Each structure stands twice: as structure tokens, then as C-alpha cells.
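Please read it with the structure open beside you.

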Amino acid sequence: MVNPIHIVSISLGVAFFLGFLRKANHNLTSTIMLLAFAANAFISAQWLWAFIYSNTEPFYIFTAGFRPPYSISLLMGRNEAIFTFLINIAGLLSGIFMLKTYLRHGVYAMMAFLGLILGLNIIILTRDLFNFFVFMEVSSIATAGMIILIKNVKSVSAGFKYIVASSLISILLLLGIVFIYYFGGSLNIDDMITNHLLVSKGAEVAVFLVLMSILLELKPFPANGWALDVYEGSLPGIGALLSATSATAVYFVLNKLLAFANPYWYNVVAVVGMISFIGSNLLGIKQKNAQRLLGYSSVGQIGLLLVILGFSNTLGEKFEYIAFGVLISHYLAKSGLFWLAGIVKQDNIKNWAALQKKPIFLFFMGVFLFTLAGFPPFPSFFAKWQLIMELSTAGMYAWVIGILFGSFLEAVYLFRWFGYAMKGEHNDLPMFELPWHKILPVVIGVLSVFGISYISKDWLPGGTSLNFIPLYFIAFMYLIDFAPAKVKNTIVILVITYYSWLVIPNYYNTDIIRLIFSSIFLIGAILTLIPGYLKKGSRKGFYPAALLMFSGLIGLVESTNIYQFFFSWELMTIGSYLLIIRGKYSMPHAFKYLLFSVGGAYFMLMGFGMAHAGQASLSFDILRTGVPYSSIIFLLIAIGFMTKLASLGFHIWLPGAYGESEADVAPMVSSILINAGVFGFIILMTHIPDANIGYFNIPYMLGWIGVISALVGNIMASLQEDARKLVAYSSIGVMGYVLFGMAMMSHLGWLTAITYTINHFLFKGLLFLAIGGVILRTKTFNMYEMGGLIKKMPWSFIAVLIGIITLAGIPPLSGYAGKWLFYNAIVLKGWYIQGAFIMFAGIIAFLYCFRLIYAIFLGQLKDEHRNIKEASVWFIIPQYIIIITIMLFSAFPQYVLNPIGNWLSQYFPNNALVWNGSLATSSLGYWNAFNIMMIVMGMFVVLLLFLLLVNRGSKKVGQFDIVYAAERPERPETTHMAYNLYAHYNKAIGFLITPWITKSWDNISEWVNTIANHTRKIYNGNGQAYALHILIYIVIAYLIINGGLF
Amino acid sequence: MGVFTKIPYVLLGLFILINYGLLVTGIFRRISARIGKRIGMPVYQPWINLVKLYAKRSSVYHGIMFYLGPVFRLGGGVGIFLFMPLIFGSEYFSNFSFAGDLILIMYFMFFGMLGMALGAGEGGHPYSAIGISRGLAQFTAIELPLTFAIIAIAIQYQTLSLTEIVAAQQGGITHWVLFTNPFATAAGMLSFLGAMGASPFNVVRAPQEIPIGPPVEFNSGFLAVLRTNAALLHIVEAILWMNLFFGGATNWIELFIKSFCVYFFALFVGTVFPRFRVDQSIRWYLKVPLILGILAILYIKFI
């Protein structure tokens, strides 16, 4: 094997050699430089391979033939191999990325670059403190040189500030090293560790200076103004280098040196990290400059890594896995994003919309962002999961909250940025250049992310149980994204059909709940994909997103433990976010959706962590009453599910997200996705049937939240002018019923909730498909701009009619089942008052049902719609499949409800329904669906025949042939009474829907922004101030640390 | 008794009630005319109107939904009738109440309302739409106290079966809900005012401002069907309230007397009080009647 010393010799040799080639062709010199990096990377890789696959012993290199302390020694161990490999690869890719820059600036720039990478390699390898200092200086000077490779005011001042800051830090470091030598008598790190040289009080000061200066090198918030200016002012390629290499190397050094420090230093590191993580991510929120934003994110991620390092003892053997997962994600994603910044060349994050000109780059950006934010299947997800689980096991919940809070803040700015890139206006933005040398590193970065994701999942306990097969299929769909939408649609439908065939029958007779939900998710998927045939072109990006969502959903059903559940939940979140944001004006709504989803998921994650604490298993059984804090666990997880159910308080994302999404996406998300929350509640509540915090019974509170959601959702729906928003608000209402039903924690309550879930899936799918089909024709969402369409679109009309009859719960259709069950349930449960209000909400539903069908299909046809056609057959087909299902469910509910009842009896044996054929009897009343259906149909036919007889010879008249006292109607617009139809209702009870929840969320967001905005004023751009920050930071840290807090 | 052997009795009951409903309509028109110091129409005028309308040869319609609207509407009225036990203890006049309980009747009211609303909607007349929007909005508020009253009764008798509710009230006047839970009765009767659509809650069809509202476009046979339904529906509703709060009826005479009195309550109030605007009536229902409804539950739960 090649001696690691050759990393040094090659770098140095090439750097000196390049000095002779000043006049030579820069292509040649840059190639030599890249070869040097490649050789370095090869050496590290070779060692890495040896350490992993043949258990090689760590290898010491003693320079100058002496042993320490008389010489400098280097160590190549497994970790050193990993880190030098990362550094050298980053050097190579960075070199490639910045090829143009080197060609322009010539050998001096290349020499500086080589020096930087060399320095970083050595500080990783070295076991000598002074040697460390020297090469720290080498890399600092090289970095300063690299910063001013681009010549403008920003970069020059950034370079200057960098020099000021790093000199200050160096002075401290040097002082510390001097003291250490004075107290310890050695500069060899191993010496200090093994012989405990640094135990005296004086040595503590020395250690303080050394470790503090290393911490400061990692740019802790708030003493990091200089670093942010550097990130902002230098070339993006440099940003990538600083973020991926320098920080990585220094992090490694910190880990190395902590070994000789007093153990309390681990706590110091954790605290510094946490402050950095939260503070930096908070300030990132106000950031508009892409590179500076990445700087904030870098500082934040390093903060998180510090926290992990600080708890390395607690994390035990998991530490390496967790740290590596976060580090590699940061390393790849951050350098990738900096490189993208170098490609797109737009400072303002809003102008990243330019990426839309080359959608593949949006994909790259998305991969990097989701990696950073810790979504599956990326390594950071696995690491973060494990971190939360381990910290929870150790009972460190405050830290868990801090980490999740910081992660949430990070998600805020990352996904706002992504939203701009995905949906911003890009027509006025210039197309960016795409030289090969800039694309290559990005592509390698993306591929590495996926590669490492694939490998890293296997390292985790339970990781192999994750189902990756759908992900492979999604990857395949992405590869054939160029194909026509019709082809892809067919493939996807066939595959989902096949998958349904594999999955659904398994649950038949074994698990009725999973049977129902897998049917909703998979058959719903097929039905809502059918309208996709309407799309022309290739519909880029749609199928991977839809499949991600559906595979997440079915993953929930198939999951047997909390880990699989959470993995699927997050997949579903990504997929649904990507689907929702496809709508034309969806950007802010998709953003809200994502924030609520992420926030909810973090609550859930914390709940899972608490449940997992102290229990080896990951299975759902760890969620059970009797586990410590089971009530709090219940509450946390319930909040996660409530964000998906859009229960009041967590609902503000829903109307926009559903309303603004594409015509066939709306039914996917509203009638299918929303049921994930219901399924979650079923899982949660079957395991923890009761939860009390103090005097508060949580299900009781959930019941009231359900009531208020139902009321407010339905009133809001009634007051909408936009058909899609109306249907969307109605989802909030119906999910309010469902939550209420679940919260009742009784046999009939749950039966009601599940019946509503099934009905909601059917009628909401039906309504959204019908409305979507109509809107595609009318080109307007406003109901008052439609009218009279029954004559043009009778098929859609019938669909909406069936939909609203089901929704409103009018017998004989299946909606009535829900109402009947509800009455029984609330009387038996004793929730009279809230029960009456929820029935009231149900009656309010009539208002919007009527408005929907009347304003669109009845009333006066508009002139511009005289030649309109029926909605596309691709929308009609799934509607009629749903209608048939509704009819069957209405006539024969016993085949569904009876098995559900049997299943429920194991949890709630009391008050079960007694089925006798189609007659259901509760202890209060009875209901015979089939008989009702027959009686109503018979009656209807008789009456119709009667009217036909009485009115034989009735003549159909024209649109304006109406009784209009002494006047004649002017125009359809003035005659169609649809605008503000329920003005009087708003006047009467509009006060109930004062949007104070929206206002309070707005206020929270405003406060966060204001705090961020004020706090970041400490970064005043003044180099002296930044130096002062560093000094103050040190002084405060000294006072605190030596003041005995640790 | 089989379903099919029941049909003749059901039809007989229907015939009786429609005629009784027409009679009551005639009588009340007469009474309210006298209160207004007019002579009023003859008591048999409703029959004449009906025959005239059914016999009309010229008839127009606006489309299929318009055509089906009256069918739905009458279906609503007949449906409630079909699912309601008329005479307590009589197998002949228990109709098809085996198919569903009180909740079915409650929700079947919407069947006619919605159908009518859609039919009138297709008529395309703005007054129809205004009337419907008012009607639906007002109805949400009307239903709330009634819901409380029904829940209170369900708690009291532990049943939602109308037959059993009536059965529980047998054995003397003091067993009626009127006396066992006066709050529920009060809430229910206030809801009844709205359900009957009489003044002060008749803004839905306010003749002066939106000439008769929803049915404005219906003519000849269509209107005849609606009139038939109105006669039937009002009396059926009176019977429903009678069953709920006043002990039901064990024979036809009792049914006639009690339902007449219940019906008369709406007329009495309507003659005395002027019309509310919709927003006023909604807010009104959300005050005293709602409180009465809540009291009804508290009363039965704690006293």
C-alpha cells in the first residue's frame, strides 16, 4: 500500500513543481493538479478499503527517523482514511468544478488550492499539536488567497475579515499550544492522552485556549459573522470547499483533541453546537442571498455535528453512524448546493427560478435539499432517527426538542428557497451556462447521495426491513421521465394494479382495517391516475412524485413498527409536497403544507422517541398504556396526525394546498392522502386507548377539536366562491367528524369514524374529480362564473349530485349510515353537547353542497359556455366507478361494517351493532339500509310515473322563459344568483369563523422573522466588530466554563 | 304482516292524511283571514286549487332536474310518512317504520328539501335561488334546538325508535315529554315553528319581496305536486312532533286532535309575530332555543 506520507509529498511536490510551469499551458498545469488530487484520493481510498475489508492495523508514520516526542508523527487509521478521502475527493471535484477559474488565474491559484488541501490532510493525520498549528496556518493562508480569487468589494472585504478572524484564532491556538507544552512537556497528542499530562489547573486554561480556538474555527453562532461574509463573498466553489472540507477536517481535529481534555468539554461542545444549530437556522430564515443562506445552513449543520460529538459517549457505538450520516449528508448536499449556486449564478434565492429552464437541475437541488432536511431515503434521515432514539433513551428530551426545533427552522428556509426555484417566475431570467466541468461534480454528488443512502440504511438496526422496492420503481420512472405521459400512466396503473393484487388479498379475512386502507390507497391511486391520460406531453416529474406519495401511503399500511411507519410517513410527505407544488399558484400553499408536515412529523418523531426509550423493540407494541409518559407520547403523536387531518389549529395549509393543486392531484391528496392521518390515529389509539395529562383527558379534547373543525370547516366551505376551495374546506369539516368519532373511544364512535373515512374517500374523490373535469373546461374556478352546466355536462352533474347526497348524509345513500351511527354513538357515549354541535355542522354541510351543485350546474348558462363540452371521459370513468361503489356500499353496508364491527369488538366490546341480514340494530335504534333503498326507489318511481301522467305534454322552455315580474332578465350574469350566496349566513354567524388561528400562525411567523431580523443585525459587516465578537465569545465561554457551570 | 299486504293500508293512511292536511290548510287559511278581519276563502278551496292545477293542460318545464324537483319534494313528504308509525299499537298504520328509526325520518326531510332546491335551481330564477339560500341557512339553525331535544329524548328513553318513544309516553298525560322534559318540548316546539315555515320564519317564501321564492317557476302539474306535498308534509311534521312530545296517538281521533293542536301552535305564533330576516332568525335560534336545548339535556341528565 502507498504510504500516506505521499499525500504530503505529492501535494507539496506538485505545488512546487507547478511553480516552474508558470509559463506553461494552463490546461496542462490544471490537469497535473487534478491528477495530484486524484492520487491523494486514491491513497486514502486504498487505506479506507484496507481498514474496512481487511481489518488493517492503524499505521503510524514517524518523520525524520525519530520517535515522538522528538519528531512529528502522523497516523492513518480508519477514521483518518475516511476523512482524508472525503477531503481529497472534495478537492478533486472542486478542482474540476473550478477548472475555468484555475485556467484564468494560473498556477498560483492552483498552488494555493493544493496548499489548502494539503494542510487539511495533515491536520487530520497529524498527532502533533504544533504540526497541527502550522498546517492550520497553511490552510488558512491558502483559503484567504482562494477567497480573493474573485475580485470585488465583497470578496476582498471577506478575505480581509477572514484574515483578521483566523489570525485572532491562531494567536489563541498558539498561546494554548505554548501553555500545553509548558504544563505537559509534550506536544504529542497520544502522549497527552495516555500519560494524562494535562491535569493541572493551569493546563485547563491551555486546553481551553486550544479547544476554544478549534471551536471558533467551526464558526459557532454568534461569533461567525466573518464566516458568513466569506461564504457570501467568495466564489461558490470556494464556499463548497470551506463547507465540505475545512469544516469537516476541523471537526475531525476537535474529535481528536477532545480525547485529552477534561470530560466536561463534551458538554461544552454540545452546548456550543446547540446554540449554533438553533441560532444559525433561525437567522437563516430572513436570508435572501443563496450563498449566505448556505452559509447559515453550514454553520447550523456543523452545530448539529457538534451536538452529536458532545454526546458521543451517550450515543456509544451509534455515535459513528450518526455523525457519519449527518456529516456525509452535509458534505455532499452542501457542496452540491454551492456548486449549483456556481452554475445558476443568481444571488437572490428568488431568482433560482432560472433552474426551471433545465428541470434536471431542480431535481438535483431537490435531492440536496431533502438530504439536508433529513428526509428518507437519505442518510441524514437514518442518522437523525437514530440520534433522536438514542437521546430519548438517555432521557435527554430537552436536547431532542432543540434538535427538532432547529431542524424545523432549517426546513423553513430550505423549502422556501426550493419553492422559489420550483415555481418562481423564470421567463425574465437568463439561461445559465452548463460547461461539462461544472455539471460533472454535481452529478457525482447526486449519485453519491443515492449510493450512500443505499448503503447506509443497512447499517441501522431494522434498516433492512425497509421496503426499498417501490423506490427502485420510482427511480425507474424518473429515468423514463422523457416518455409520453400516456405510456407512463399505463405503466404506473398496471404496476399499481399488480401491486394491489399482491397486497390487498392478503388482508382479506385477516385484517379488515388494513384491507380498507390498502384498498383506499391503492385503488384510489388507480382511480385518480386515470385522468392522467388527458395530459399531453411527458408531464415531467409527476409520476415519481405521485408514486412516492402512494408508496409512502401503502408503506404505512404495511409497516409493522414505528421505524417503517415513520419512514413511509416521510416518503409520503415528500411525494405529496412535490405533487401539491405542481399547481400553478401552489407555491406558498405547498410551502405551508410542508412546514406543517415537517412540524407534525417532528412531534411524531419525538413521541416515537419517548416510546422507544428503554425498550429494545421498535414494534408498535411499545406504544401502550403503562409506558412512562404514555399520555405525552399520545399527545405528541396525535399532533403529528392532526396536521395531516387538518384539524382546527393545523388546518391553514389545507384549502390552498388542495384548492390550488392540479385537477387530478386534488382528489389524490384530498380523498386519499388525508386518510393517512386516520390510519395513524387508528394505530395510535388501538395501542394507547386513553391518555390524561393532569385533569385533561386528551381524547376528550380531541373530540372538541373535532367539533370545532367540523363547524368551522363547514361554515368556511359554505362561504367560498372558488369551487376547489369549497371542496377543500369541506375536507376539514369531514375530518373533524372523523377525529370526533375516533376520540369517542367507543365501538360506535370508531365505526362512525371509519364509515366516514370510507365515505369521504368516495365522495371527495368523486367531487374533486367532477369539479376538476368541469374546471378544465370552464377555465374558471369561481362558481358564480359558471351556471347552467347541467345541460352541457349531465354526466358530471349526476356525479356531483351523488357526491353531495352522500356527503350530506341523505338516505338512502351511504352518507346516512354515518349520520345514524353518529347519533347512536354520541347518545351512548354521553357526549351530548358536542354531539349536537357536530350534527349541526353536518346540517351546515347542506349549504355548501347546494351551493356547489347549484352555482355550477343549475341556474343560468353563461354565453361563453354555450359551446362547452362534457368533461373529459378520463375524468368521467373514475367517477362512475366510484358511483357504483357508493351504490353498492349504500345498499349492502353490512358486508363492510359487520367485519369492522367484529374487529372493533376486540377493543370496544360494548354496544356493538347486531346485524341481521341488512338490518342493523344498536341498543338505541335500528336501520335497514337495503329496505330503505328499495322503499325510496319504489316510491320515487311511482311518484315519477304519477307526475309523468299528470304532466303529459309538458313543454320544455328556453333559458330566459321565466316569470319575471314586468321585467325581463338582462344577461345570464345578472340573473344567475350565485355570488355571495350566503351573505346573510355570514352576517348571522360569520363571527364564528374569525380567522384568529390563521392570524396567530401569522403572528408566530412574524415574531420569528422579527427575532431573526433583529438578531442578525449583530452581523454588521465590520471586521473589527467580528473580531470583537470572537473575543467576547471567548471571554463569556471562559467565564461560564471556569465559573463551574460544567 | 308482510310488506306487500301493508301497502293498501299505507295508501289508505296516505289518502287520509293528504285530505286531512288539505282540510287543516283550509281551516287555517280561514282562521288567519278572520284574524285579519277578512272573510277568507272557503274551507274546501285547497281541493279546488289542487284539482285545477292537476287538470291544467298547458305546462312548461326547464329541464330534467326541474322535472324531478317536485318528485323529490313529494318523495320527501311521502318518505317521512312511510317511515313514521302513525297510530301507536296499530300494525296496520305503522307504515314501513321497520326500516329505520327517528334519525331516518329526521334525515329524510332533507331528501325533499335538496331535491326541491335542485329543481328550483334549474328553473334559473334568481328568486328561487334567494329563497333556497335563505331556507337552507335558516334550516341549519332550526335543526340545532331540535337536535338537542331529540338527544334529550334519546337519553331519557334510551331509544331512537319512534314507536318506543311513543310507547314510553303511554299511561297518562304526565308521561308525555311535555311534562317529563318541558325544556326539550320547548326547544322542539320552537324548532317546529321554523320547520313549518310559518311567520316569523317564512322569509323563505316571502311573498312580498321574492314572490313565493323557490317554487316560483313551478306551474300546473308541478305546482300541484308541490301543493300535495305541502298538505301532507305539514301534517306529517305535526304528527312527528306529536309523537315526540305529546304521547303519540292510539287512534285516528286522537291523532286528528293532537296534530291539529300542534299545527295550531305554528299558526298562532305566526299570526301574532311579524317576519324575521334570515340573519335575525338564525341568531334568534342560536339564543333562547339553543339554551333551552342545552337545558333539556342537563335537565334529563342531572334532575
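**Notes on helix α38 of chain A and on chain B**

1. In this predicted model, the buried residues of α38(A) are A:A929, A:I932, A:I935, A:V936, A:F940, A:L943 and A:L947; buried means that 20 or more other C-beta atoms, placed from the backbone, lie within 10 Å of the residue's own, exposed means 12 or fewer, and partly exposed lies in between. They cover an arc of only 130° around the axis, taken from the directions from the helix axis to the C-beta atoms, and therefore sit on the same side of α38(A).

2. On the other side of α38(A), the exposed residues are A:M937, A:G938, A:V941, A:L945 and A:L949.

3. The cover over the buried residues of α38(A) includes, from chain A, α34 (815-829), α36 (873-891) and β7 (926-928), and, from chain B, α3 (64-83), α4 (102-123) and α9 (220-245); contact here means C-beta atoms, placed from the backbone, within 7 Å. Helices (H or I, at least four residues) and strands (E, at least two) are DSSP runs, numbered from the N terminus.

4. Chain B itself has twelve helices and one strand, and 61% of its 303 residues count as buried. Among its contacts with a separation of 6 or more, 79% join residues 24 or more positions apart.

5. Residues are numbered from 1 along each chain as its sequence is written, while chains are lettered from A and ligands numbered from 1 in the order in which they are written. Local features need pLDDT of at least 70 and side-chain atom pairs count only at pLDDT 80 or more, whereas totals for chains, interfaces and linings use all residues.

Notes: Two residues are in contact if their C-beta atoms, placed from the backbone, lie within 7 Å.
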